[in-house]
Amino acid sequence: MVHPCGLLTCHKEPVPLKSISVTLSICEFVAGVSATLNYENEEEVPLETFFVFPMDEDSAVYSFEATVDGKKIKAELQEKMQAQTNYENAISQGHQAFLLEEDMSSRDVFCCNVGNLLPGSKAALTLKYVQELPLEADGALRYVLPAILNPRYQLSGQSEDSCLAVKAPVVPLEDLPYTISMVATISSPHGIERIQSTCSLSPIEYLGVNKTFAQVSLADGHKFDRDVELLIYYSEVHTPSVAVEKGEPKTKPDCLMGDPAAMVSFYPDIPEAQQSNTCGEFVFLMDRSGSMQGPMSKENKSQQRIDAAKETLILLLKSLPLGCYFNIYGFGSSYEAFFQNSVEYTQSTMEEALRRVKLMQANLGGTEILTPLRHIYRAPSIPGHPLQVFVFTDGEVSNTFSVIKEVKSNRLRHRCFSFGVGEGASTSLIKGIARVSRGTSEFITGKERMQAKALRALKLSLQPVVDISLSWDLPQGLSAKMLSPEETVIFRGQRLIVYAQLTGMMPPAEATGEVCLKYMLQGKNFENKVKFSLQPKLDANLTIHRLAAKSFLQTKDMGLRETPAGDKKEVLEVSLECGVISSYTAFVAINKDLNKPLQGPLARRDIPRPVLLRASAAMPWHLGAGERLFRKCLSTRGVGLATPKAPGHRQMKTRMCFKETSHEMGRPRSSSKRTNSETHRPVFGDDHLVQLISLQKADGSWDLNEDLALVLGMKLEDILASLPDKDADSSNWATVLAVLWLHDSGKDVKCEWELLERKAVAWIHIHAGSVRHALVKAAIAFMKSSADPAIFDL
């Protein structure tokens, strides 16, 4: 018997899902994945099983099949309601049936149903998908096999028809009854420099003269304690390319699957431009739901998500340009704004914001982001200051499509930069709101520093817009029909991938075409051209066609409830034609060849998922009743989880480096009282960097005082005595010394303080005047600095 609240009993009946095996093939920046779920019914009654699992929202699922006791059953993609009806009818008639569908409220959660699995029977369910791999700032291609599916906060009054509402059993990691394995092959004609992973791997095998081929597999014993992530570094990742793929031979021409399809990849070398005179309105939307108390990683003493977000928010506030406007919202079941409306960025408003950031806790309950977003969009625009919204969340929401729709409806007046915090953040939410608003998305997991990714997004938001256009030069009689949304802007350092359907008469094999990317930056015109062969290549999986269909569906498919009426028919047609699953379709397979239909009662089994016991000492009060009870039981058994507390009474242990002093932000603890083992950081590394940043004023300058002297590791009287001009303003001297310290002691994280330095150097130019060069020369000698004096040139 399964406990009424969905927990496993101490008898632990056999769980039908025994293992998950994944075969991954990565060629350049495209991944093809085959995932097999292996089931076995060890009970004496027929079973119906349910397994809810995450998947990256960029995945184009195009195949689903079952192999039952050696017999292969190919699933058919059908209209969703029809597929569900066919599945229900089949199991009610005693037939074996299998159903795979996207969740009703999110594109990155799937449910696999197995109906009428006979006693002693074995079934292997295989789903296949393809996806583009995102490019990281350091040139790495990132592949993620999601393993963590966090509970999604259910809004009051929301429909329970989501598969996320299934009360799946939960178990500790060590009791998880199924295993996962992954084998990957990676290839690139340009060579593979290295492969990194957040998980333990077996020794990597490199093949080919220039390491053009690699084989990777998970080490034995991998647990579901984190997403499986690969970072792949190629020797040449920025080379533009065009690939042309043959259409499906059995499909009529002039349709997406019948014609050849082209995938165009550009990585334009956009020059770094001067910062725009238009500053902007920066609104930071910070998740303060209970789940943000969870750790950034599973490591012992891992920083809580809310603390990492607070440190990042402080760095962002310090990096804002003078003259801009800003505001900060915290949201959970309710929301709070720091200011009634966005305020001008000054020393006083920055200090007030910093004071309130230090007091922020993850104590606002559930995760309801839609209401504060609507409040932000209703506020009047500030002339000359375009709106830039930065969203930090662990993404545990159940109304994903509604949020994306709201952001999309306001896309002409703002850009959204989104950050998924911690394992299990919803890729559908994080990527979706960035995509529809022409912003960028980032995911911060494990030991990654949130600060670096947030500052990169802030730099992009300050860059002038780069308008782009794409043109084709093809032989007469052949034309390109765009399948991707027509991109109009791009950021420096971004890759552009577009898909097109080639219609008309294909020319002889030796013919070539050309595609040209044009863009304008601050009145200057640039262009990139790529020539390519018009001889289409055959791919049995029709990878480019599937990716093109997915790209199209992502722009039109907003879920069953949110898709505009005019787009529903087109979404359904493209999904069925291309065999790529959508909100309106599902895969169903029925085995009608049983010698005798099953008789008797059908037992239900929900596949358990793991509980990460280090998640938080405080009870995530918004979890379902079953999971709360399970955690309470664990606590009584001595596992160490606390009993629930009311949301307003959470006690948090913060590792923020900011301490109260007589000034607005704090004095660092002396290095003699703080060891590397306590902080896991170098004594003169990040902690002192954070302290130095906390002392900088909104205009970019530093005051010369005891707090700054402590960070610099010097005595205040020695710094004052070394001032080359005793009548000079001491703030000039302090600011020059601080900039030099950044270059000498913080160069490993330069990406985090570049904007701070930019403000400081600009301030020095204005206030130091004719003595600037003398101050710089004296400061370099005084600090024995290796920095180049040219860093003080604008």
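A residue counts as buried when its relative accessible area is under 20%, as exposed when that area is over 50%, and as partly exposed in between, calculated with a 1.4 Å probe on protein chains only. This is a predicted model, in which local features need a pLDDT of at least 70 and side-chain atom pairs count only at pLDDT 80 or more, whereas totals for chains, interfaces and linings use all residues. Residues are numbered from 1 along each chain as its sequence is written, and side-chain values use heavy atoms, with hydrogens and water left out.

The account begins with charged side chains. A salt bridge is defined as a side-chain nitrogen of Lys or Arg within 4 Å of a carboxyl oxygen of Asp or Glu, and the structure holds 27 of these salt bridges. One of them joins Arg 194 to Glu 193, with 3.8 Å between the closest N and O atoms. Arg 194 is partly exposed, at a relative accessible area of 35%, and Glu 193 is partly exposed as well, at 40%.

Helices and strands are named here from DSSP runs numbered from the N terminus, a helix being a run of H or I with at least four residues and a strand a run of E with at least two. A salt bridge with an N to O distance of 3.3 Å brings together the side chains of Glu 406 and Arg 374. This pair links distant parts of the chain, since Glu 406 belongs to helix 5 (residues 400-409) and Arg 374 to helix 4 (residues 370-378), 32 residues apart. Glu 406 is buried, with a relative accessible area of 17%, while Arg 374 is partly exposed at 38%.

A further salt bridge connects Asp 606 with Arg 604, at 3.0 Å from N to O. Here Asp 606 is buried at 19% relative accessibility, and Arg 604 is partly exposed at 42%. Elsewhere, salt bridges with shared partners join Glu 136, Arg 142, Glu 229, Glu 442, Glu 448, Lys 453 and Arg 456 into one network.

Attention now turns to helix 1. This helix spans residues 80-92, and its 13 residues reach 18 Å from the first C-alpha to the last, close to the 18 Å expected at 1.5 Å a residue; the expected span is 1.5 Å times one less than the number of residues. Lys 80, Ala 83, Tyr 87, Ala 90 and Ile 91 are the buried residues in helix 1. They cover an arc of only 95° around the axis, and therefore lie on the same side of helix 1; the arc is taken from the directions that run from the helix axis to the C-beta atoms. The buried residues of helix 1 pack against several elements, among them strand 3 (47-54), strand 8 (109-117), helix 9 (559-562) and strand 32 (585-591), where contact means heavy atoms within 4.5 Å.

Both ends of helix 1 can also be described. At its start, a side-chain oxygen of Glu 79 comes to within 3.2 Å of the backbone nitrogen of Met 81. After helix 1 comes Gly 94, with a positive phi near 85°.

Aromatic rings form another set of pairs. Rings of Phe, Tyr and Trp (its six-membered ring) pair if their centres lie within 6.5 Å, and planes under 30 degrees apart count as stacked, over 60 as edge-to-face and the rest as tilted. By this rule there are 16 aromatic pairs. In one of them, the ring centres of Phe 284 and Phe 390 are 5.3 Å apart and the planes stand at 40°, so the pair is tilted. Phe 284 lies in strand 19 (residues 281-287) and Phe 390 in strand 23 (residues 387-393), so this pair ties together parts that are 106 residues apart in sequence. Both Phe 284 and Phe 390 are buried.

Trp 472 and Phe 532 have ring centres 6.2 Å apart and planes at 90°, so they form an edge-to-face pair. This pair too links distant parts of the chain, with Trp 472 in strand 26 (residues 466-473) and Phe 532 in strand 31 (residues 524-533), 60 residues apart. Trp 472 is partly exposed at 22%, whereas Phe 532 is buried at 4%. One aromatic cluster is formed by Phe 282, Phe 284, Phe 390, Phe 392, Phe 417, Phe 419 and Phe 491.

Asp 69 has a positive phi, near 50°; Asp 69 lies in the loop between strand 4 (60-68) and strand 5 (71-74) and is exposed, at 56% relative accessibility. Asn 116 has a positive phi near 65°; Asn 116 lies in strand 8 and is buried, with a relative accessible area of 3%.

Technical notes. Polar contact = N/O pair within 3.5 Å; in protein donor to acceptor, adjacent residues only side chain to side chain.
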